[in-house]
Every structure is written in C-alpha cells, then in structure tokens.
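Here is a short report on one protein chain. Keep the structure in view as you read.

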Amino acid sequence: MDGEELTEQETALYDRQIRVWGAGAQRRLSKSHVLVSGIKGTVAEFCKNIVLAGVGSVTLLDDRLVTEEAFNANFLILPDENAYAGKTVAEICCDSLKEFNPMVHVSIEKGDLSTLGVDFFEKFDVVIIGYSSRATKKAVNEKCRKLKKRVAFYTVDCRGSCGEIFVDLQNYNYTKKKLDETVECELTFPSFEEAVSVPWKPIPRRTAKLYFAMRVIERFEETEGRKPGECSLFDLPGVLKLKKELCEGNSVSENHIPDSLLERLVSGNTEFPPACAIIGGILGQEVIKVISGKGEPLKNFFYFDAEDGKGVIEDISQ
C-alpha cells in the first residue's frame with residue numbers, strides 16, 4: 001500500500017482532501033475495502049460520505065426488497081415504484097452510489113450476514129453492521145477478530161432521533177499532534193460481547209442513559225424473537241418489565257434508564273433524517289481516521305440524542 005502512488009486523475013479529484021490529510025492518507029483510502037450491511041438512513045449517509053472521500057471499494061449487503069418503509073430516511077432510494085420494483089435495497093443503493101463517485105468500485109453481495117464464514121471477511125479492511133440483532137453483531141465481530149489481519153469493526157443503530165455507534169479496533173496504533181511534535185499512541189478495544197457484558201454497577205452514574213436503554217431493547221428483541229426495530233408502543237409494558245429485571249440483576253436503580261427514553265426507542269421505528277446525517281457523518285469521520293491512521297479514534301461507544309442535541313463518547317470496558 002505504501003509503495004503505490006495516486007494516479008493523476010485521483011490527485012485532481014481529491015485535491016482538496018489531500019491538502020487536509022495528505023497524499024499518504026488519501027492513498028490508503030483509495031486502497032481500502034469496506035463492507036456495509038443493513039442500509040437504512042444512517043448507513044446511507046455513511047456510504048455517501050466514504051464514497052465521496054474516495055475509498056477503494058464499498059460492498060453492500062442487504063437482501064431486503066425495497067418497500068415504502070425502506071426509503072423513509074434513505075435518500076439513495078428514489079420514491080419511484082417503477083425504479084425499484086422487485087429489486088433489493090443493496091441493488092438500488094449500489095446504482096445510486098456509483099453516480100456519486102465513478103472512481104469508487106461499488107458492488108453487492110447476497111446472503112445472510114450471520115451465516116458467512118470467517119474467510120469472507122478477510123478481503124475487507126472495515127466492516128460496518130447496521131441494524132442487526134445482538135447475536136449477529138457478536139458473531140460477525142468474533143469472526144473479524146479471528147483473522148490474521150486487523151479488521152476495523154463497527155455497529156450502528158438509529159431509532160427515531162437517538163443513535164448508537166460501537167467501535168472495535170482491537171489493538172490500534174495511531175499518531176496525533178501534541179504541541180509541536182507527533183506522538184505515537186496505542187489503544188486496546190474490547191469486543192462487542194465483552195463491552196455489552198460489563199456489569200452495570202461499576203459503570204459511572206454519569207454514563208449516557210442510552211447505553212443502558214439500548215441494551216434493554218436489544219435483549220427484549222432477542223428474547224421475543226423480533227427483528228431490530230420491530231418493537232412498538234404495544235411492547236412497552238414488556239420492555240419495562242425486562243428493564244426492572246435487568247436493573248435488579250445488576251444491582252442498580254431503575255432510574256438508570258428513564259421510562260420515557262425506552263418509550264421513545266420502542267416507538268421510534270421511523271428514522272429522523274437530521275439524526276441520520278449526524279450519526280452517519282460521525283461514523284464516516286471515524287472510518288476515515290482509522291484507514292488513514294491519523295487522529296484519535298473514539299473508544300468505544302458514541303451516542304447522539306436529537307432531543308438535547310448532544311453527542312457523547314463512552315468508554316465501556318471491563
């Protein structure tokens with residue numbers, strides 16, 4: 001990778017970016033391969049950002065047939081029934097993304113993400129899992145960790161006006177500016193399973209309520225056999241009951257997770273486009289940091305709530 005140069009066409013197209021983060025970072029971007037699964041509003045924003053930034057390739061995996069629900073916040077799918085009849089979300093989004101930057105190779109893969117073997121993930125540098133079950137997130141993360149090379153792993157979920165990003169970079173080295181010198185740094189990340197298995201009692205009280213609320217929703221969907229985002233207000237009594245059980249099991253007060261927040265999450269089946277833009281933008285920024293090796297990455301959760309407009313980074317580790 002370090003021995004290959006940018007072409008004249010790449011240098012001309014990405015001139016402004018090269019001035020910001022340098023030719024070396026742009027070269028690494030142009031040689032990187034990204035897998036994206038679960039393409040809803042936030043993930044569509046992310047895809048647009050990294051395609052415009054000039055990654056080498058983006059592979060899309062989403063076998064859902066396009067329905068009216070699919071383009072609620074996904075601007076990559078035009079609301080034209082004749083254009084998407086019988087096509088999958090990945091197929092339609094692939095066609096749209098190719099128009100954003102013809103120099104990026106955009107393709108699709110078919111199949112169930114949870115059943116793909118370890119070798120499948122070896123050809124990627126970054127894996128993004130959007131809107132998947134707790135079990136799928138754990139399984140894919142573990143497969144990425146079994147590879148000889150380091151694959152950056154992310155999950156993203158947006159429910160209504162709230163969103164979560166999880167990051168696992170394993171052992172990650174990077175550089176950052178400190179005064180007038182460049183400093184070499186290293187971070188060690190827990191896996192998704194390790195992070196969500198941390199007992200709640202030792203976690204500082206100031207930690208974002210969304211961390212705990214998302215764990216309750218995930219667990220409820222898992223025990224009830226629901227797909228991510230399939231909850232509704234009718235499920236609120238069951239969700240509140242599970243919250244009580246989890247809080248008692250972790251020896252923490254039920255005030256850790258406001259009922260009003262859980263109510264917003266179970267009723268937020270339609271994504272809030274401004275929240276998608278912010279969360280997708282943060283995710284794109286983090287992936288560009290990791291590929292380029294420049295800048296301190298977030299560790300290991302990011303939360304955004306449009307109700308108060310705050311973005312919060314939480315380090316949840318053993």
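## A pair of strands

Cys-158 has a bridge partner in strand E6: Gly-163. This is a predicted model. Strands E5 and E6 (residues 162-168) pair in the antiparallel sense. Seven bridges join E5 and E6. Strands of a sheet pair through backbone hydrogen bonds, and the pairing can be parallel or antiparallel.

## The sheet

How many strands form the open sheet, and in what order? There are eight, running E3-E2-E1-E4-E5-E6-E9-E10. The pairing is mixed.

Now look at the edges. Strand E3 (105-108) and strand E10 (310-314) stand there, and each has a single partner strand, so one side of each is left without a neighbour in the sheet. On average, neighbouring strands of this sheet are turned by 15 degrees against each other, direction ignored.

## Helices on the sheet

Helix H5 (residues 89-100) lies across E3 and strand E2 (57-61). The angle between H5 and E3 is about 170 degrees.

Helix H8 (residues 209-224) also packs on the sheet. H8 touches E5, E6 and strand E9 (301-305). The direction of H8 makes about 95 degrees with that of E9.

## Two domains

How is the protein chain divided? Domain 1 takes in 8-192 + 272-313, and domain 2 covers 197-267. Their C-alpha centres lie 26 Å apart. The two domains are in contact: 19 residues of domain 1 and 15 residues of domain 2 take part.

## The largest pocket

Rolling a probe the size of a water molecule over the atoms shows where empty space is left. In this model, the largest pocket has a volume of about 970 Å³. Its lining has 39 residues. Which of them lie nearest the centre of the pocket? They are Lys-40, Arg-64, Tyr-131, Lys-227 and Pro-228.

Strand E5 (152-159) and helix H10 (259-267) are the elements that give two or more residues to this lining. E5 gives the most, with three residues.

How values were computed
Residues numbered from 1 in each chain as written. Predicted model: local features only at pLDDT ≥ 70, side-chain atom pairs only at ≥ 80, totals over all residues. Heavy atoms only, no water. 1 Å grid on protein atoms, 1.4 Å probe; cavity = no way out; pocket = protein on both sides within 12 Å on 5 of 7 lines; lining within 4 Å. Points joined across faces, edges and corners; volume = space filled by probe spheres on them. Helix = DSSP H or I, 4+ residues; strand = E, 2+ residues; numbered from the N terminus. Pairing = 2+ DSSP bridges. Axes fitted to C-alpha atoms, helices over the stretch in contact; angles between N-to-C directions. Contact = heavy atoms within 4.5 Å. Domains from an automatic or database assignment.
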